[in-house]
Amino acid sequence: MNECLLCKQEFIPEISFLQIFSWSKYREPKICFRCLHQFERLSEIRCKYCSKNMNVAGTCHDCLDWQQIYGQNLLYNYSVYRYNDYFHDLMVNYKRYDDYVLYEVLQEICYKELLKIEADLYVPIPTSPEHQQKRQFDTISAIFSGLVPLTPLLKKKSGCGAQGEKNKHERLASSQSFYIDKEKIKKSFNGKSILLLDDIYTTGRTLYHARDQLLQFLPDSEIRSFSICR
Ligand SMILES: [Zn+2]
Ligand SMILES: [Zn+2]
């Protein structure tokens with residue numbers, strides 16, 4: 001019996017034959033089947049760049065806007081879930097109420113998809129120094145550090161505010177808030193494939209800023225992103 005981290009009910013994890021024969025990849029489930037199904041997976045018809053669900057496959061309005069700035073050099077982002085109310089509540093508890101243990105839920109719902117994407121370096125989107133100090137943990141690194149080896153090349157300037165507290169216009173207008181950690185970056189990273197890691201892709205502003213900074217130092221790298229929600 002396991003206790004579900006979300007509803008606190010006990011449940012018996014389902015184990016498939018495949019899992020029995022691959023113990024190395026088996027992770028003990030932390031949430032029950034019913035809670036797992038509150039998360040709404042994105043359907044297959046998506047924007048070819050950012051994973052946004054669409055009625056007809058193609059390029060979404062957000063990405064058409066980014067084309068005005070970046071031309072054909074758009075960021076490929078892979079997401080797994082739709083940002084529904086259930087996910088919203090989970091993130092509020094995780095970030096605003098500092099419910100650290102929820103990182104395990106976030107890991108559980110995305111690790112299979114994340115591990116399908118190969119990259120040389122996994123670079124997490126950093127938390128602001130103010131939030132990090134208040135929470136005593138870095139929200140994004142806490143999710144992904146148990147899943148892939150992280151190379152934290154980016155830092156966030158202080159005093160920039162959280163994107164989650166801004167409306168769409170303010171998000172898009174926000175200025176570059178990241179800088180490169182010069183102690184961590186190496187010349188040999190140039191040309192490597194890099195996967196940026198974030199929780200939610202909203203307008204794309206955060207991830208494009210992160211890519212802009214990395215490309216200044218690593219101009220030959222191929223940079224994509226993974227965010228749990230779109
Ligand atoms: Zn549950
Ligand atoms: Zn798009």
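# Zinc sites, strands and rings

Student: Quick one to start: are C60 and C63 buried or exposed?
Tutor: In this predicted model, C60 is buried, and C63 is buried too.

Student: What are the protein donors of the zinc ion (ligand 2)?
Tutor: The SG atoms of C47, C50, C60 and C63 are its protein donors, and they lie 2.2 to 2.3 Å from the zinc ion (ligand 2). Along the chain these donors follow the spacing C-x2-C-x9-C-x2-C.

Student: And why is the arrangement around the zinc ion (ligand 2) tetrahedral?
Tutor: It counts as tetrahedral because the 4 donor atoms subtend angles of 103 to 116°, and the rule asks that all angles lie between 85 and 135 degrees. For four tetrahedral donors, the ideal angle at a metal is 109.5 degrees.

Student: Which residues coordinate the zinc ion (ligand 1)?
Tutor: The zinc ion (ligand 1) is coordinated by C4, C7, C32 and C35, each through SG, at 2.3 to 2.4 Å. The spacing of these donors is C-x2-C-x24-C-x2-C. C4 sits in the loop between strand 1 (2-3) and strand 2 (10-11), while C32 sits in the loop between helix 1 (17-20) and helix 2 (33-36), so this pair ties together parts that are 28 residues apart in sequence.

Student: What about the angles around the zinc ion (ligand 1)?
Tutor: The 4 donor atoms there subtend angles of 104 to 117°, which makes the arrangement around the zinc ion (ligand 1) tetrahedral.

Student: Changing topic, how many residues of strand 8 are buried?
Tutor: In strand 8 (residues 222-229), 6 of the 8 residues are buried, so the strand is largely enclosed by the rest of the structure.

Student: Which strands pair with strand 8?
Tutor: Strand 3 (residues 77-81) pairs with strand 8 in the parallel sense over 4 bridges, and in that pairing S79 stands opposite S227. Strand 7 (residues 193-200) also runs parallel to strand 8, joined to it by 7 bridges, with L196 standing opposite S225.

Student: What do strand 7, helix 9 and strand 8 make together?
Tutor: Strand 7, helix 9 (residues 205-217) and strand 8 make a right-handed β-α-β unit.

Student: Now the rings: how many aromatic pairs are there?
Tutor: The count comes to 13 aromatic pairs. One of them is Y49 with Y76, a tilted pair with 5.2 Å from centre to centre and 45° between the planes. This pair links distant parts of the chain, 27 residues apart, with Y49 in the loop between helix 2 and helix 3 (61-70) and Y76 in the loop between helix 3 and strand 3. Y49 counts as buried at 7% relative accessibility, whereas Y76 is partly exposed, with a relative accessible area of 44%.

Student: How are the rings of Y94 and F137 placed?
Tutor: Their centres are 5.6 Å apart and their planes stand at 45°, so the pair of Y94 and F137 is tilted. Y94 belongs to helix 4 (residues 85-95) and F137 to the loop between helix 6 (129-135) and helix 7 (139-144), so the pair ties together parts that are 43 residues apart in sequence. Y94 is buried, with a relative accessible area of 0%, and F137 counts as buried at 8%.

Student: Which residues form an aromatic cluster?
Tutor: F39, Y81, Y83, Y86 and F87 form one aromatic cluster.

Student: Last one: which rings do R27 and R211 lie over?
Tutor: R27 lies over the face of Y111, at 4.9 Å from the ring centre, and R211 lies over the face of Y70, at 5.2 Å from the ring centre.

Methods: Residues numbered from 1 in each chain as written. Chains lettered and ligands numbered in written order. Predicted model: local features only at pLDDT ≥ 70, side-chain atom pairs only at ≥ 80, totals over all residues. Heavy atoms only, no water. Donors = N, O, S within 2.8 Å, 3.2 Å for Na, K, Ca; no water. Tetrahedral: all angles 85-135°; square planar, octahedral: opposite > 155°, others 65-115°. Buried < 20%, exposed > 50% of the residue type's maximum accessible area, 1.4 Å probe, protein only. Helix = DSSP H or I, 4+ residues; strand = E, 2+ residues; numbered from the N terminus. Pairing = 2+ DSSP bridges. Right-handed = clockwise from strand over helix to strand, strands pointing away. Phe/Tyr/Trp six-rings, centres within 6.5 Å; stacked < 30°, edge-to-face > 60°. Lys NZ or Arg CZ within 6 Å of the ring centre and 35° of its normal.
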